[in-house]
Every structure is written in C-alpha cells, then in structure tokens.
Amino acid sequence: MLPFFMVQGRVAMAAQDLDAQAPAAIEASPESDAGSAGQQQPDAPPAQPAIVGVIDDIRVSGNTRIETNTVLSYMVVRPGDPFTQDDLDRSLKTLYATGLFKDVTLRREGSTLLVKLKENPIVNRIVFEGNHAAKDEDLRKVLSLRPRAVFSAETTADDRQRILEVYAQKSRFAAVVTPQIVRLAHNRVDVIFQINEGPNTKIRKIAFVGNKAYSEAQLEGAISSKESAWYHFLGSSDEYNPERVKYDGELLRRFYLHNGYVDFQIKDVKGELSPDRKSFYITFTMDEGIRYRLGKVDIRSSLRHVPAKSLRKYVELFPHQWYDGKAVQDNATDIEELLQSEGHPFAVVRPTIARNPEKRIVNLLFDVSEGPRRYIERIDINGNTITQDNVIRRQLPFAEGDPYTTSYKKYAKEGVQDLGYFKTVNVTDTPGSSPDRTNVAVNVVEKPTGEFSLGGGYSTDVGIIGNVGLKQHNLLGTGIDAGLSGTVSYYQKQADLSVTDPVFLGRNLVVGADIFFVENNYQTYQNYSEGRYGITLRMGYSYNRYLSQSWNYSLIRRWVGDMWSESSPYVRDQKGKSLLSQISTTIMYDRRDNRMAPHSGYFVSIGGDFAGIGGDENYVRGKINGAYYIPLDDLTNSHNWTLAFRAGAGYLADWGSNGRHDIIDNFYLGGSNLRGFLDGGAGPRSVGNSYHWSEDLIGGRFMYNGSAQLNFPIPFLTDMGVGGRAFVDMGTVAGLRVKRLYTNPVTDGTNYTPISGNMYSPRVSAGAGFSWKSPFGLLNIDLGVPIRRSYNDRTQLLRFGFGQQF
C-alpha cells in the first residue's frame with residue numbers, strides 16, 4: 001500500500017507548488033474588499049472577477065513513450081484558456097487518473113504552462129513465489145496487471161487483494177501476499193508476488209441458535225460443513241468456504257421444509273474468523289416456526305380435455321401426514337411430466353398451500369393449467385471444439401419447431417452431461433423473433449476423453465492384478481467409444497478390443513463389437529483351467545427413457561485342460577475344445593435414480609441365451625433379475641441410508657442330441673452373489689473317493705438367489721469416502737447337468753463318483769462389510785458367515801478386493 005500513498009502525496013505537493021508560483025487567478029476589486037469587511041453599500045453592483053493571464057502555450061517534458069498530443073488530449077485546459085485554479089486542478093487529476101504517470105507537476109512561466117511528467121514503468125514480467133495450493137495460471141486469471149502493460153501501484157494493491165480472495169476460496173484466510181517491485185533498465189519493472197499460503201482455515205465450531213425441535217447433532221448432519229476433526233484429513237468439509245456455508249443455509253431450509261416446518265426462516269448466518277486467523281466460528285440463527293400436517297389434498301384442472309378426477313390417482317400425498325415440501329414438489333413435477341408425455345406439452349402443475357396455524361394444518365391444492373406456449377426457433381451449440389454438433393444434438397429431447405418447456409431444458413442438460421465429454425454443460429434460452437418463439441443455446445466446455453491407464457490391486461477371486469488400458473470415449477469427436485485393454489493376474493489373463501457406436505447411423509441404436517481372449521487358471525478352487533477367444537457383436541435400443549433391449553451374438557472357441565490326475569470323471573469329461581455359437585437378448589426396465597450408486601427406484605431385467613446356431617453347444621438359458629432400493633431419509637434424516645433388495649433366477653435346458661453339456665456353461669453360486677461362500681462353492685459337486693479324492697464344483701441347471709442389504713454411513717468416516725453395509729444373502733444351485741453320471745458303484749467301477757450338494761432348499765449367509773474410496777483405489781471388504789449350508793459346501797468368510805488406475 002506504500003506506493004499508493006506516495007502518489008497521493010505528490011498530488012498534494014504539486015497543487016501547493018502551483019498556488020505558490022502562479023499569481024492569483026482572480027483579483028478582488030475594492031468593492032469586494034469592502035464587502036468582505038462588512039462595509040459594502042446595499043445598492044453596490046456585484047464583484048466581477050478579473051482575468052490575470054491567458055495560456056499562450058503548453059510545454060510537455062519527461063514523456064518518453066507517450067506522445068505529447070496524447071498528454072494534451074487528457075488535459076482540461078487548452079492554449080487560449082485562462083490560468084484558472086479549478087481548470088489546472090482538474091487537468092492534474094485527469095493526468096493522474098490515466099494511470100500512466102508516477103508524478104505530474106504543473107508550473108507557470110509567464111504565459112506558458114509547463115507540464116513535467118514522470119512516466120510509470122512498464123511491467124516486464126509477473127512472478128509468483130511460494131504458491132502451491134493455487135497454480136500460476138489460476139492466479140494470473142484474476143490479475144489486472146499484464147506484462148508489457150503500464151505498472152500502477154494502485155493496480156498492484158488491487159491485484160494483491162484479488163490473490164487473497166483466491167486463497168479465501170481455498171479456505172486459506174491466513175495467507176499473506178507481499179508485492180515486490182524489481183526495477184530494471186529502460187524504466188521497466190518485474191512484479192513479484194511473495195506468497196505465504198498459511199494453513200487451511202478450519203471450522204472450529206458450528207453453532208445453531210433458535211433450534212428447538214432438533215438437536216445440534218441432527219442439524220449438523222443436515223449440512224455439508226463439518227467441525228474440524230482428525231478423521232477429516234482426507235476431505236475438505238471442515239474447511240471454511242463462504243459459498244458452502246451459504247449453501248448450508250439452503251440445506252437447513254430444505255431439511256425443515258421436508259419435515260413440515262413451512263414457516264422456517266434463516267435469520268442470520270455468521271462466520272467469524274478467530275484472532276489467529278486459523279479457524280472460523282459459524283453460527284446459524286433461525287426461526288423454526290410450527291410444524292404442519294397436511295389437511296385437505298385436492299387437485300383442480302383447467303386443462304382442456306383433462307378433468308381433475310382423471311388426475312386424482314396420480315396424487316401420492318394424503319391427509320394427516322406431516323407436510324413434506326420436497327414430496328409436494330416431486331409429485332407436482334411427476335404429474336406435469338406425465339401430462340406433457342401424453343400430448344399436453346404446455347401443461348403446468350402448481351402446488352399451492354393454505355396455512356391454518358390454529359389447527360396446525362396445511363391445505364394443499366395442485367392447480368393444473370396450460371402455461372404459455374413456446375416453440376423452439378433455433379438451437380445453437382457453442383464451445384464444442386472437438387465433438388461434432390450432431391453428437392450433441394442427438395442427445396437433446398427436442399428439435400427446432402418443437403414445444404419448449406422447463407422440464408425439456410432439464411432433460412437436455414442431463415442428456416448432454418451423460419455423454420461424459422464435457423467439463424460443464426449449460427442450457428440457456430433467449431427470446432426468439434416473436435413472443436411464442438425461443439432460441440435455445442447449449443454451451444459446453446470440452447474435457448479430455450482419452451484414457452491411458454495402468455493399475456494394480458488384489459482380489460480374492462484372481463489374486464494380484466495388473467492392468468493396462470488405452471481408451472478413447474469420443475473418437476475424432478464422433479461419439480464412438482473404442483478401447484484396448486489387458487489384465488494379468490496370478491490366476492487370469494485377459495485382453496479385449498472393443499468399439500461401440502452409441503447412435504448408429506444417427507438412430508436410436510447402439511452397435512458395438514468385442515474381440516477378446518481370456519485364460520483362467522482355477523487351480524485354487526477348481527481342478528482345471530479354461531480359456532476362450534472370440535468375437536461378440538452387440539446391438540441395443542431404447543423404447544423410452546426407462547425401457548431398453550439389447551441383443552448380441554457370440555462366436556467363441558473354448559478349451560479346458562491342465563487337469564489333475566485326481567480330478568473327478570465329471571471334470572475329465574470336459575477336456576478338449578468346443579465352439580460356442582450363441583445369440584442373446586435382454587430387456588430391462590430401469591427406474592433407478594443412479595445406475596452407479598442407486599439410492600431409490602428399481603429395475604427388472606429378463607434375458608435369454610440360445611446356443612446352437614452352429615457350434616458344439618445346444619441349449620436355451622433364461623434369466624431374470626431385479627432390485628428395489630428404498631431411501632431411509634425420512635427415518636434417519638440422512639441421504640446415506642439405503643435399504644436394497646435384490647433377487648435373480650435362471651434355468652438352462654438342453655435341446656437336441658448333439659450338445660456337449662459342458663459344465664463351464666452351468667450356473668454357479670458363491671462369492672459375489674452369495675457372500676460367505678467360495679466362488680461356485682454352494683451347489684452340486686463331486687464327492688472324493690479313493691480313486692478320485694478331489695472334489696470338483698460342477699454347477700447346475702437352475703439357480704435362484706436374493707439378498708437384503710442395508711447401506712449406512714460409518715460415524716466419523718463418511719467424509720473419508722467410507723460406507724458400511726450389513727447383508728443377508730440366500731440362494732441355491734441345483735439340477736445336475738453333466739455329460740454322464742458316475743453314480744452306480746457296480747457299472748461304473750473305479751469311476752464311481754457320487755454327487756452331493758444338489759439341493760433346492762436355500763443356503764443362507766449374513767454379514768457386514770465396508771467400501772473405502774481411498775486415494776489409492778477402491779477397497780471392498782465383506783465378512784460373510786454361512787448360516788445354512790449343505791455338507792461340504794466351500795465357505796469363504798472374508799472376501800476383499802483392492803485396485804487403482806492412474
């Protein structure tokens with residue numbers, strides 16, 4: 001700040017010099033003197049100023065870069081103007097205001113005005129020292145100073161403040177920024193910002209004032225900011241961020257509105273910095289109001305051909321339940337989108353409430369009407385430097401000329417974001433050429449879509465894992481996904497080349513192909529190895545947002561070998577090569593809120609495989625799977641609790657008389673689909689004897705399984721990416737499917753090998769586990785304890801996997 005005050009000092013001195021050196025600009029008359037002494041006659045004429053000189057010439061000196069005419073253009077006075085103090089002061093100020101000059105002096109010599117200048121230096125370069133939390137390029141974006149621009153002490157001080165604001169956004173309020181000026185030849189300077197970033201400013205205490213219905217612990221669970229604690233070292237929720245605190249106020253409002261407090265208000269949100277500038281105290285002051293239940297719930301419709309009684313079945317709320325603002329809005333949105341999908345594109349559903357504080361009830365009315373008619377005049381795609389326009393346009397739920405509604409805007413943004421090609425996606429609308437026309441702009445910022453990955457890890461299934469992959473998710477901006485990957489582990493080798501076009505020929509059609517090689521060495525729990533290579537052709541399409549179907553055709557060469565001498569005859573019968581020619585299809589209805597980490601919704605899939613279009617296998621296999629997810633937000637006041645139910649079943653039937661009945665096509669149960677049991681360990685298996693002492697897992701024709709799982713947060717560890725689960729799994733595999741049975745001790749002789757575990761009653765296990773999204777990869781650990789099992793079922797109490805790509 002020191003250079004700024006020095007400049008101000010020079011301004012004052014220059015003005016004093018001007019007063020001392022120049023004669024008075026206005027000379028008083030005798031009458032005016034008398035008036036000032038209180039002796040002026042009442043009828044005397046007013047005093048008239050006398051001009052004591054005119055500027056004949058203006059001479060400028062000291063300017064080396066800036067032309068004299070440019071200097072003169074900034075000044076108020078011109079040759080021919082009088083030497084008035086006011087005009088000279090204004091000229092002085094305008095010259096300083098340009099920021100071009102470090103010092104300005106105006107001096108009169110006779111009828112000539114002398115302007116003496118000292119130019120501000122030119123910035124040679126800008127350097128940052130000591131910054132680690134903020135990159136140089138991020139700091140340069142906020143600066144007003146630029147290389148080869150004029151240096152200004154005032155601008156430097158402003159830039160220092162902007163840098164401090166950058167660090168404040170990174171929760172470093174103790175940061176210190178010191179500008180240093182290094183003077184160079186030819187009136188140039190280097191500007192060096194010395195930065196002491198200081199520690200992250202933590203939140204020491206979060207307090208709530210005015211809360212009666214909920215404790216501080218419950219309210220802390222509803223907001224995103226957390227008090228500083230040792231277990232937050234991998235997160236940032238305990239770092240003070242003004243924007244996050246502002247968002248926390250909105251989260252509190254939603255929390256109370258969700259629980260029936262319609263009149264809730266945030267009175268004040270205050271963040272106070274401690275004297276040592278190392279921590280913050282946050283205080284939320286609120287007025288809860290009273291809690292309301294729903295009274296009368298009704299619906300009214302002014303929409304043409306849509307009577308209110310036809311919509312009552314879509315109202316999901318009922319009287320006497322606690323008012324839930326989110327549920328009300330969600331129900332209104334569902335009805336609105338339903339009407340829009342049924343040919344009423346401009347339908348609007350507005351929920352209105354009428355409070356009755358005496359009875360503590362809220363009457364709710366869904367008002368259905370037709371909103372303003374708007375049609376899309378033009379769609380502009382901006383910011384896509386790689387991705388082709390048509391790749392983005394085909395994700396939009398509308399085209400030019402279509403109706404335009406708010407929900408369409410939301411789905412347009414979601415559709416483009418789902419591509420995964422862009423850092424940010426914004427959909428904006430502006431008025432068109434007439435009141436009923438709208439122009440829509442889709443603004444995107446590209447991000448890299450190529451991926452080179454190296455990784456490693458460990459799994460109880462295949463041992464130590466190493467992988468390498470090269471993928472391009474947006475090949476040449478066409479939206480085609482292509483990749484080459486390989487995995488090597490102690491028990492498995494795999495390579496895959498895949499290409500997928502998500503919108504083949506611009507249609508609602510996903511087409512792809514895979515060429516692959518897999519070799520599995522099952523010696524840890526099976527007495528043989530198995531390998532395959534081949535090609536799969538894939539095709540899929542959607543009927544609507546929720547219903548889709550996929551088809552694929554596989555041609556695979558397979559082999560089984562590396563058998564032990566003690567292996568059972570059921571395994572030894574498999575030795576050799578086979579060719580599988582199979583066509584498959586799956587129909588899925590998916591209403592999950594998130595496919596990667598579902599919290600609510602459900603899905604059902606039905607699929608089938610048909611083998612026998614050439615090849616050595618002749619069978620038909622059917623499968624059905626489903627899951628249902630129940631959020632427990634209402635019970636727990638947290639979004640981290642979910643109850644999940646999953647179930648599946650399958651059956652394989654042979655046809656014809658030429659099939660090989662290979663056990664590698666059978667159903668197996670255990671491991672990921674029945675925790676607490678080894679992979680394939682719950683089901684039919686051979687019984688060891690004196691001739692074939694090993695037991696071999698041989699699978700079966702029929703399988704069913706199910707599970708109930710509770711996903712929950714782990715106290716103090718949620719911010720570290722740790723989530724827990726408790727589960728109960730059940731299922732079984734039954735129905736023998738082998739080339740021939742060796743169960744008659746008389747006819748089979750030394751090959752006599754009975755089979756056990758062929759039972760339709762379920763195996764059951766229970767346990768708990770957790771997942772950690774660590775900086776080094778995803779770690780999964782499950783402890784499963786068999787509760788009901790068959791004699792000699794193979795169990796596996798602990799199952800874990802760990803891996804990372806970088």
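1. The patch amounts to about 800 Å² and is built from Phe452, Val468, Leu470, Leu484, Leu497, Ile515, Ile535, Leu537 and Leu555. Patches of this kind take residues with over 30% relative accessible area and no salt bridge, joining nonpolar side chains (Val, Leu, Ile, Met, Phe, Trp, Tyr) within 5 Å and like charges within 9 Å. Leu470, which sits in strand E19, is exposed at a relative accessible area of 52%, where exposed means over 50%, buried under 20% and partly exposed in between (1.4 Å probe, protein chains only).

2. A word on provenance: this is a predicted model, in which local features need pLDDT of at least 70 and side-chain atom pairs count only at pLDDT 80 or more, while totals for chains, interfaces and linings use all residues. Residues are numbered from 1 along each chain as its sequence is written, and side-chain values use heavy atoms, with hydrogens and water left out.

3. For the chain as a whole, the secondary structure comes to 13 helices and 37 strands, and 41% of the 806 residues count as buried. The chain exposes about 42,100 Å², of which carbon and sulfur atoms supply 55%; accessible areas come from the Shrake-Rupley method with a 1.4 Å probe, and for residues only the protein chains shown count as cover. Among contacts (heavy atoms within 4.5 Å) between residues at least 6 apart in sequence, 60% join residues at least 24 apart.

4. Helix H8 (residues 242-258) has 17 residues and should span 24 Å at 1.5 Å a residue, which agrees with the 24 Å between its end C-alpha atoms; the expected span is taken as 1.5 Å times one less than the number of residues. Its buried residues are Arg244, Val245, Asp248, Gly249, Leu251, Leu252, Phe255, Tyr256 and His258. An α-helix has 3.6 residues a turn, so residues three or four places apart point the same way. The cover over the buried residues of H8 includes strand E9 (202-209), helix H7 (216-222), strand E10 (265-273), strand E11 (279-287), helix H9 (325-341) and helix H13 (633-636).

5. At the start of H8, a side-chain oxygen of Asn241 comes to within 2.9 Å of the backbone nitrogen of Glu243. After the helix comes Gly260, with a positive phi near 95°.

6. The structure holds 40 salt bridges, each defined as a side-chain nitrogen of Lys or Arg within 4 Å of a carboxyl oxygen of Asp or Glu. One of them pairs Asp238 with Lys202, the closest N and O atoms being 3.6 Å apart; since Asp238 lies in the loop between H7 and H8 and Lys202 in strand E9, the pair ties together parts that are 36 residues apart in sequence. Asp238 is buried at a relative accessible area of 1%, whereas Lys202 counts as partly exposed at 24%.

7. Lys202 also meets Glu239 in a salt bridge (3.9 Å, N to O). Glu239 likewise lies in the loop between H7 and H8, so its pairing with Lys202 in strand E9 ties together parts that are 37 residues apart in sequence; at 13% relative accessibility, Glu239 counts as buried.

8. In strand E25 (residues 576-590) lies Ser581, which is buried with a relative accessible area of 1%. Its side chain is joined to that of Tyr553 by a polar contact of 2.7 Å, a polar contact being a pair of N or O atoms within 3.5 Å; within protein, one must be able to donate a hydrogen and the other to accept it, and residues adjacent in sequence count only if both atoms are side-chain atoms. Not counting residues up to four places away in sequence, Ser581 touches residues including Tyr553, Ser554, Leu555, Phe610 and Gly612.

9. Phe727 belongs to strand E32 (residues 722-734) and counts as buried at 3% relative accessibility. The C-alpha atoms of Phe727 and Gly784 are 8.5 Å apart, although the two residues are 57 places from each other along the chain. Leaving aside neighbours within four places in sequence, the contacts of Phe727 include Arg675, Ala708, Gln709, Asp782, Leu783 and Gly784.

Key:
Helix = DSSP H or I, 4+ residues; strand = E, 2+ residues; numbered from the N terminus.
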